[in-house]
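Visitor: I am new to this structure and would like a short tour. May I ask some questions as we go?
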Amino acid sequence: ILQAGEQRPAQGPAMDAYQEFLLTVRRDINCLSDSDRNTRRNAIGRLDRALAAGGKAPQHFVQRLFLEELHKPLFRLFADQTEKCREVSMAMTFRLVDLISVIELENMLPLLLAALLGRYRAHPFPEPSEELRVEGLRFLKRLFEICQGRLNPFASEILDAVAKALADTCPDAKKECCELTKKVSAHFDGERISRAGGPLVAALLANLRHQQWKVRRATLDSLGSLLSLEAPMMDHMEDALPVLGEMLRDRTAAVRQCLSECLERWLVRGLEFKTPSLAAFEDDGGPAGFDKFEHRLLILLLSIVADEDVEQVATVALGGLERVAVKKHEARQRHAQAERKRWEARKQAQAATVSAEPVVADEADAGPSLEVSIGPDFNYAAVQRLLPEPFASGRPPAPLTATFVQLHLPTILPQVLTNLTQWQAETRVGNARLLRIILVLANRQVSPLLDHVLVHLYKASADDEPSVAAAALQCAGMAGAFLEAELILGLMAKHLGLKLDGGSGSMRGQGVEELWPQTRVGRSLTRTVQDVTAGVKSFVALSIENRRQVFTVLAHLLHPDGPGTALVTNGSAIPSRLQPGEVRTLLRFFEEGAQSDELLPCVHGAMRSLLRAGGPVCCGEWPRIFDLLLRMRSGSECGAALVDATMDSLAALCGRPRRELYEEHLHSKLSELLLNADNDLWEEHSAKRHVLETLLRNAGGASAVHLAQVMPALARQASPDDASAPVRVDILGLVHFLITQDEPAVAEALHHQAPLLLTGVLIPNCTWKAGQSNSKIRKGGLVCIHALLQRHLVCAADLNASFASLLPVLKSCLDDSWMPDNRLIACMVLGCTLSELQAEISGEQLREVYPELLKRLDDSNDQIRAAVCEALTVFFKCLPPKWSRSLYEYILRTLFVHLDDPNPDIQQGIYRVLEAAVHQDYDAFLLEAQAAGAKSSHPRLCEELARLAETLRQAS
């Protein structure tokens, strides 16, 4: 306190403006380290407002304050217990780092990164707030934008923090980590990333399974950037490839499209890498450097070319593959130039070490060529309709693309074929689509591996998954269109156990069941996966199922659009896929397969393909082809309409109608077919019977000249003594067809063969025998006899000669209580027989007939009773003039009793019978009519019949 009269002491030098500004914020800066959280929160709030952009504080003061006083307290607040302090401090730091120079920021990077990365480098995260964790990652990304390569010394810490931050459950944090990974790839040294990037790569691969597709796409994009560097790719691609294979089945098209872009980037970058020099102890003889991954990345890229989404994924991947192929061609050119330079250098060195004497130049040693080979051109336009997408839309493979794939074909194709038989359906479906793409790109260059391809196609063609089977058959169609038939047939012959020069090959080998063993228990299917490379070479289709698969694939291999030559006929060239010798070889395959009924549908499919592929060449072998088709037509395994259509195709190629083929085949093959058929019984399942029936049914009138040869065979094969019931039914059906068909020539031939037909085939099969279930057979025989008599194909003399054998059969059938159909047909046959024998039948024979007819008048079936009435009408027409009067009167009394039947139709039938009976004896009839009229419930009918008898007697 100054006393009165004292003066104020002189002050020190005046403070500058910054010092005055510092005094205004010093207290708040000190409060940032206070133990009370409210004090810290209030202090950071005041500082934020005081230093805010656009505030009263000059920018250069704020910059100096941050560098000298504020940055350390702010960094410490990153770990403050109060979320508000952490939030504001990070926001202030984010803003203030833009005010200082890069060099000044680089000096404080150790402290800043330690504080910032410390919030992520432990689990659980020291930073509990999701929002602040996201902001911290954005701050780190901003540091990359500012410092770029200056962060390289801190690579291991940053990589570790980003790897741990990728485990954050927040999708936004994951996306920020992916952006940071791309920054790391752009600004960090590859060797540093490779050494410390293992956890980061593992974390990225784990995030590829995230449920959000945007996270998966961002992760894949960042992984593409990270592994584009040489060292990380060489060290970590092996870990990434299995997970990338799973990404092929990702449900989102955008993710699969991103995968194709990453694969393209890796392939393009990898082709620029130099092949590393290996020490002797490190050289295992396998590929080194990027060569280890090139074919594996190519398989993945080809798998995306085979993607189902053509527009968004497959087309994009195909464009990437074409660009990679161009880079591969350039790399091969560079390699060829380097080899040429090394060769020239060696030559110069050799020339310098020799003496001055002249050296004779070796013209043969021209050194490595500078020319880089490109695969031969292939005309894809000829097989355009066979190509899958994305080639089917008019975008054929470029020559460089095909060459690129063909270079790796021996490596990638066995892998694809192996996966084609894996136990997972998704794997088989994907590799079936992939195989189509590879075959298109490989075209004719697949021939060295065709054996392996075919064996795996056999297995895949019978796959439980329809899409796999369909893709396998499409692959077979493309292989058949790309390759020469001679090569295909040679392999198919080996697989069927045959030799092309005739005879059967060794049947020892492994089938599909041995190569891919599987067991099914209920609905559970267990497959055993094993290496089949060695077994494929000795594959032989031994079982029916294996052969069915072979013929199914063969049907698609025989494609008309494949390579072939022109068949010269009459001076003109006709395009043909096959040559005559190849057609004969195929027919030998088909004849081998047709020995089993179960294979007939598959053989028929292959036969149709043969006609399409062979065209006019097949005409020279049409009898063998028709013989096989006849075998198929005669059985129930193949649809009759389909076989008829195939026969029509063959007939069109030969320029003849199908009926003419049947006729000519009948003339040429019937003797061979019926050899010893009249003595030896065919086996029940023999195809000869069906073939004979098919020939006779379709040859029309041409069969007439052969019926004399056919009838003894039919009699032997239909013998009731040893022939089976189905065989006898079939033969009776054939006989009925021959009898009823509208062919005059056949009818005339049957007229001559009727005695043998009647006594050798029909009557024996109508005879009842104990211990045999013959009801249907007897019915069939009676139907045939009735048709034979109706068409008047048996003369009276022959019929009379057979009557003694026929009558017991008819009696037996008329007494068949369990089969009303047999009783009905027997009545009809008896009526027709009596009609045919009116002039030949004797009275004694009629004595045997009438009791059976009268008994049927009491039948429970009115239809049978009506038929008996018609037979009785014929019976009375056959009676001789002085036949037994007592029997005649007995028959009349029985008939008059039935004249009172309640059924009007039966009444009319009996009335017509009596009208026919009146002509036998007028007097006896008149007496019986008068006697019946007195007792009848319908006397009017009796009176009419009596008047008729009286009138006829008077007229006589």
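Guide: Please note that this is a predicted model.

Visitor: Is Glu-127 buried or exposed?

Guide: Glu-127 has a relative accessible area of 2%. Residues under 20% count as buried, so Glu-127 is buried.

Visitor: Which side chains make polar contacts with the side chain of Glu-127?

Guide: One is Arg-86, whose side chain is joined to that of Glu-127 by a polar contact of 2.9 Å. Another is Arg-119, where the polar contact between the side chains is 3.2 Å.

Visitor: And what else is Glu-127 in contact with, leaving aside its neighbours within four places in sequence?

Guide: Besides Arg-86 and Arg-119, the residues in contact with Glu-127 include Phe-78, Leu-132 and Arg-133.

Visitor: Let us change topic. Where is His-210?

Guide: His-210 sits in the loop between α10 (198-207) and α11 (213-226). Its relative accessibility is 14%, so His-210 counts as buried.

Visitor: What lies 3.0 Å from a polar atom of its side chain?

Guide: That is the backbone nitrogen of Gln-212. Not counting residues up to four places away in sequence, His-210 also touches Lys-174, Val-215 and Arg-216.

Visitor: Now salt bridges. How many are found in the whole structure?

Guide: A search of the whole structure gives 67 salt bridges. One of them links the side chains of Glu-743 and Arg-659, at 3.2 Å from N to O. Glu-743 belongs to the loop between α32 (725-740) and α33 (744-766), while Arg-659 is in helix α29 (residues 658-673), so this pair ties together parts 84 residues apart in sequence.

Visitor: What about Arg-953 and Glu-950?

Guide: Their side chains form a salt bridge of 2.7 Å, N to O. The two residues are 3 apart in helix α42 (residues 939-955), so about one helical turn separates them.

Visitor: Which residues do salt bridges with shared partners join into one network?

Guide: That network consists of Asp-815, Arg-823, Glu-852, Lys-855, Arg-856 and Asp-859.

Notes:
Residues numbered from 1 in each chain as written. Predicted model: local features only at pLDDT ≥ 70, side-chain atom pairs only at ≥ 80, totals over all residues. Heavy atoms only, no water. Helix = DSSP H or I, 4+ residues; strand = E, 2+ residues; numbered from the N terminus. Buried < 20%, exposed > 50% of the residue type's maximum accessible area, 1.4 Å probe, protein only. Polar contact = N/O pair within 3.5 Å; in protein donor to acceptor, adjacent residues only side chain to side chain. Contact = heavy atoms within 4.5 Å. Salt bridge = Lys/Arg side-chain N within 4 Å of Asp/Glu carboxyl O.
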